[in-house]
Amino acid sequence: MDELDTSSDSEDIESLVPNSYIQDKLKSLNILIMGGHQIWQNRLKELYPYFNYIDSDNVNFDINVTRSADIVLFNTLHCSHSLYYKMKNNVNNGRTENKNKVIYIGSNNFSYFRDLVINIILEK
């Protein structure tokens, strides 16, 4: 089993939640979280309840969820090959435009995730 980085667990939860401007921008996007350990996803659901989530074991998800997402954040630390290939084949309807739609995450650190989503908003 993948080890979770719990270094941010001691942080105050408010420090992990972006300010209201960033949250409003995030809510306006259709962001999909895929992969990652269930504990990691459950914590993210507390912090970002307005995102959509597909756990790492769910390979029977509706492909329209990936096709309609503005951004897919894919945690590579805990995922199946089947999940990866199904996402990859359907995220852009098999087309190569909008290649930056998928952002791969190689960390379970919540502060890193918060900074990542803030940077996504600043780039939009």
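**View 1. Leu73 and the residues around it.** Leaving aside neighbours within four places in sequence, Leu73 is in contact (heavy atoms within 4.5 Å) with Ile31, Leu32, Ile33, Met34, Ile103, Ile105, Phe113, Leu116, Val117 and Ile120. The model is predicted, so local features need pLDDT of at least 70 and side-chain atom pairs count only at pLDDT 80 or more, whereas totals for chains, interfaces and linings use all residues. Residues are numbered from 1 along each chain as its sequence is written, and side-chain values use heavy atoms, with hydrogens and water left out.

**View 2. The chain as a whole.** The chain contains 6 helices and 4 strands. Helices (H or I, at least four residues) and strands (E, at least two) are DSSP runs, numbered from the N terminus. In order from the N terminus, the elements follow the pattern α-α-β-α-β-α-β-α-β-α. Of the 124 residues in the chain, 41% are buried; buried stands for under 20% relative accessible area, exposed for over 50%, and partly exposed for values in between (1.4 Å probe, protein chains only). Among contacts with a separation of 6 or more, 70% join residues 24 or more positions apart. The accessible surface of the chain is about 6800 Å², and carbon and sulfur atoms hold 46% of this surface. Accessible areas come from the Shrake-Rupley method with a 1.4 Å probe, and for residues only the protein chains shown count as cover.

**View 3. The open sheet.** The sheet is open and is formed by 4 strands in the order β2-β1-β3-β4, with parallel pairing. At its edges stand β2 and β4, each with a single partner strand, so one side of each has no neighbour in the sheet. From one strand to the next, the twist averages 20°; for such angles, axes are lines fitted to C-alpha atoms (for helices, over the stretch in contact), and the angles run from 0 to 180 degrees between N-to-C directions. Two strands are said to pair if DSSP finds at least two bridges between them. On this basis, β1 and β2 pair over 3 bridges in the parallel sense, β1 and β3 over 5 bridges in the parallel sense, and β3 and β4 over 4 bridges in the parallel sense.

**View 4. Bridge partners across the sheet.** Met34 has Phe74 of β3 opposite it. The bridge partner of Phe74 in β4 is Tyr104.

**View 5. Strands β1 and β3 under cover.** In β1, 5 of the 5 residues are buried, and the strand is mostly covered. In β3, 5 of the 5 residues are also buried, so the strand is largely enclosed by the rest of the structure. Both faces of β3 are covered, with buried Ile71, Leu73 and Asn75 on one side and buried Val72 and Phe74 on the other.

**View 6. Ile31 in strand β1.** Ile31 lies in β1 and is buried, with a relative accessible area of 1%. The bridge partner of Ile31 in β3 is Ile71. Ile31 and Ile71 are 40 residues apart along the chain, and their C-alpha atoms are separated by 5.0 Å. Not counting residues up to four places away in sequence, Ile31 touches Leu26, Phe51, Asn52, Ile71 and Leu73.

View 7. The largest nonpolar core has 20 residues, of which Ile33, Tyr48, Phe51, Leu73 and Phe113 touch the most other members. The elements giving two or more residues to this core are α2 (20-28), β1, α3 (38-47), β3 and α6 (110-123). Its largest share, 6 residues, comes from α6. A second, separate core of 11 residues includes Leu32, Phe74, Val91 and Val102. A nonpolar core is a set of buried Ala, Val, Leu, Ile, Met, Phe, Trp, Tyr and Cys residues joined through side-chain atoms within 4.5 Å.

View 8. Leu83, Met87 and Asn90 are buried in helix α5 (residues 81-90). Seen down the helix axis, the buried residues of α5 fall within an arc of 85°, so they line one face of the helix; the arc is that of the directions from the helix axis to the C-beta atoms. His81 and Asn89, on the other side of α5, are exposed. The buried residues of α5 pack against β1 (31-35), β2 (52-54), α4 (63-68), β3 (71-75) and β4 (102-105).
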